[in-house]
Amino acid sequence: MKTTNIIKAAAAAVVCLWSTACNDAKNPPLNEEYMVYISEAAASKGGNLVLSSDGVSTTTFTLRMNRPAERDVTVTLGLRAENLNEYNRMMQTSYVCIDEENVLFDNEVTIPAGSVTSDIITVSVQPFTAEGGKSYAIPLQIVSCDGARITERSSKYTFELVKEIGLRPAATFQSTHSGTVLRPYAEKADGTAGEGTWGMQLSAFTIEFWVCPTVLNINNQVIVVSGGDVTNFYCRFGDVTYGNDYRYLQIKVQGADQGFDTGDPKTTPLTAGRWYHFAVTYTASDAKYTLYQDGVKVDEHTAVAGQLFNMNQMTLCNSSNGTYQRNNIHLAEFRVWKTARSETQIRNYMYIAPRYDDPNLIAYLPMNEGPGSDTFIDVTGNGHDAPQHNGDAANPRSIGWTTIDLTSSK
């Protein structure tokens with residue numbers, strides 16, 4: 001009896017060894033030199049997934065190996081909410097993980113033998129209702145791999161969910177308007193002034209907005225006024241620079257004679273009735289002002305080196321003396337940053353709403369409140385709300401509304 005059991009056990013061991021040998025022959029272990037990673041993570045820690053306003057939103061990514069393998073390599077992917085702690089700390093963000101039920105992707109992906117890349121992997125986000133004030137992200141990670149070593153530094157990638165600026169209301173500042181002034185920072189709970197009241201000294205800034213002039217046949221149609229006596233900022237359509245042709249946008253800084261613009265209207269004219277995105281950046285270190293039109297640099301100006309910009313107020317569609325709102329002007333997506341945004345950042349975010357809690361965002365007024373509102377809301381929470389009529393009861397209602405789809409201008 002004992003001899004029989006021993007023989008059976010030996011036979012089973014032989015079968016087991018034969019089976020293991022067959023499996024190993026089919027899927028031999030790979031050398032440690034084979035490594036797998038998320039291709040996009042080799043260049044950056046994250047990217048944007050633009051949320052569609054009318055259905056499922058998608059983006060893609062790929063897996064990659066450092067060299068082709070002799071057999072298929074199977075990779076398992078997953079969501080790891082805890083990874084956002086590190087990502088938020090590194091990027092100075094406050095994203096929360098999207099619910100798994102709202103995001104779809106293949107969690108098991110094969111890199112075929114002889115190839116270094118997987119097929120394109122699609123990530124789909126179903127429409128969902130965001131909780132107030134929260135920003136969402138998809139923290140992907142390579143969880144395991146059969147056949148290669150995981151490259152840890154490139155095994156994680158985060159898609160930030162961002163909103164595209166689609167169909168929406170936009171403000172119309174009518175010719176009777178006497179200016180809209182942004183308030184200082186919100187007060188603290190104890191009633192004292194918030195940190196960085198107007199009058200802040202900035203070593204860099206960016207002011208950007210979408211604007212549509214209805215008429216360009218008159219001089220000095222003011223859009224934005226800011227700065228102190230030494231570091232003034234004056235943005236308008238038209239001046240006398242090109243005679244009686246006013247089809248251009250001009251910026252004047254640090255005195256009436258220091259200006260730059262979108263170019264000679266005889267060769268590069270602006271068109272009335274068309275929406276434009278403009279951005280102006282400043283860096284005190286080299287005293288450089290740069291003007292961008294629709295995400296492309298069009299002019300620059302060098303002022304006094306090392307001069308901090310005294311941003312002591314911000315007025316829209318009129319100057320401080322209340323006489324320079326000449327014609328109706330449509331305005332939307334007004335943003336002020338305490339950094340000089342790069343050309344790439346400006347171009348990539350023209351059609352995308354920034355994170356409300358971005359630490360470099362001083363003010364963000366979407367200006368999409370619509371009819372019946374009386375205040376443009378600064379959604380950053382910094383308190384730079386702008387009463388549409390500045391509390392002047394004698395001032396006639398001079399804010400109208402139009403409907404636009406900025407993405408149609410792409």
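At 16% relative accessibility, Q141 counts as buried, where buried means under 20% relative accessible area, exposed over 50% and partly exposed in between, with a 1.4 Å probe and protein chains only. This is a predicted model, in which local features need pLDDT of at least 70 and side-chain atom pairs count only at pLDDT 80 or more, while totals for chains, interfaces and linings use all residues. Residues are numbered from 1 along each chain as its sequence is written, and side-chain values use heavy atoms, with hydrogens and water left out.

**Surroundings of Q141**

- Q141 is found in strand β10 (residues 135-146); helices (H or I, at least four residues) and strands (E, at least two) are DSSP runs, numbered from the N terminus.
- The side chains of Q141 and N83 are joined by a polar contact of 2.7 Å. A polar contact is a pair of N or O atoms within 3.5 Å; within protein, one must be able to donate a hydrogen and the other to accept it, and residues adjacent in sequence count only if both atoms are side-chain atoms.
- Apart from neighbours within four places in sequence, Q141 is in contact with T76, L77, G78, R80, N83, S155 and K156, contact meaning heavy atoms within 4.5 Å.

**Aromatic pairs**

- Rings of Phe, Tyr and Trp (its six-membered ring) pair if their centres lie within 6.5 Å; planes under 30 degrees apart count as stacked, over 60 as edge-to-face and the rest as tilted. By this rule the count comes to 18 aromatic pairs.
- F173 and F376 form a tilted pair, with 5.8 Å from centre to centre and 40 degrees between the planes. This pair links distant parts of the chain, 203 residues apart: F173 belongs to strand β13 (residues 167-173) and F376 to strand β28 (residues 375-376).
- F173 is buried, with a relative accessible area of 0%, and F376 is buried, also with a relative accessible area of 0%.
- F205 and F309 form a tilted pair, at 4.6 Å centre to centre and 50 degrees between the planes. Distant parts of the chain are again linked, with F205 in strand β16 (residues 204-213) and F309 in strand β24 (residues 309-311), 104 residues apart.
- F205 is buried at a relative accessible area of 0%, and F309 is buried at a relative accessible area of 0%.
- Ring pairs link F205, F233, F260, Y282, Y289 and F309 into a cluster.

**Charges over rings**

- A charge sits over a ring if NZ of Lys or CZ of Arg is within 6 Å of the ring centre and within 35 degrees of the ring normal.
- R67 lies over the face of Y34, at 4.7 Å from the ring centre.
- The charged end of R341 sits over the ring of W337, 3.8 Å from its centre.

**Nonpolar cores**

- A nonpolar core is a set of buried Ala, Val, Leu, Ile, Met, Phe, Trp, Tyr and Cys residues joined through side-chain atoms within 4.5 Å. The largest has 45 residues, and those with the most contacts inside it are F209, I223, F233, M311 and F334.
- A second, separate core of 32 residues includes A69, Y136, I138 and F159.
- Leaving aside neighbours within four places in sequence, the contacts of F233 include F205, I207, V224, I251, V280 and F309.

**Strand pairing**

- Strands of a sheet pair through backbone hydrogen bonds, either parallel or antiparallel. Two strands count as paired if DSSP finds at least two bridges between them.
- An open sheet of three strands has the order β4-β1-β11, with mixed pairing. At its edges stand β4 (63-65) and β11 (149-150), each with a single partner strand, so one side of each is left without a neighbour in the sheet.
- Strand β1 (residues 35-38) and β11 run parallel and are joined by two bridges; the bridge partner of M35 in β11 is R149.
- Strand β26 (residues 329-337) pairs with β27 in the antiparallel sense over four bridges. W337 has L361 as its bridge partner in β27.
- Five of the five residues of strand β27 (residues 361-365) are buried, so this strand is largely enclosed by the rest of the structure.

**Positive phi values**

- Most residues other than glycine have a negative phi.
- N220 has a phi near 65 degrees, a positive value in a residue other than glycine. N220 is placed in the loop between β16 and β17 (221-226) and counts as buried at 6% relative accessibility.
- E333 has a phi near 55 degrees, likewise positive in a residue other than glycine. E333 lies in strand β26 and is buried, with a relative accessible area of 3%.
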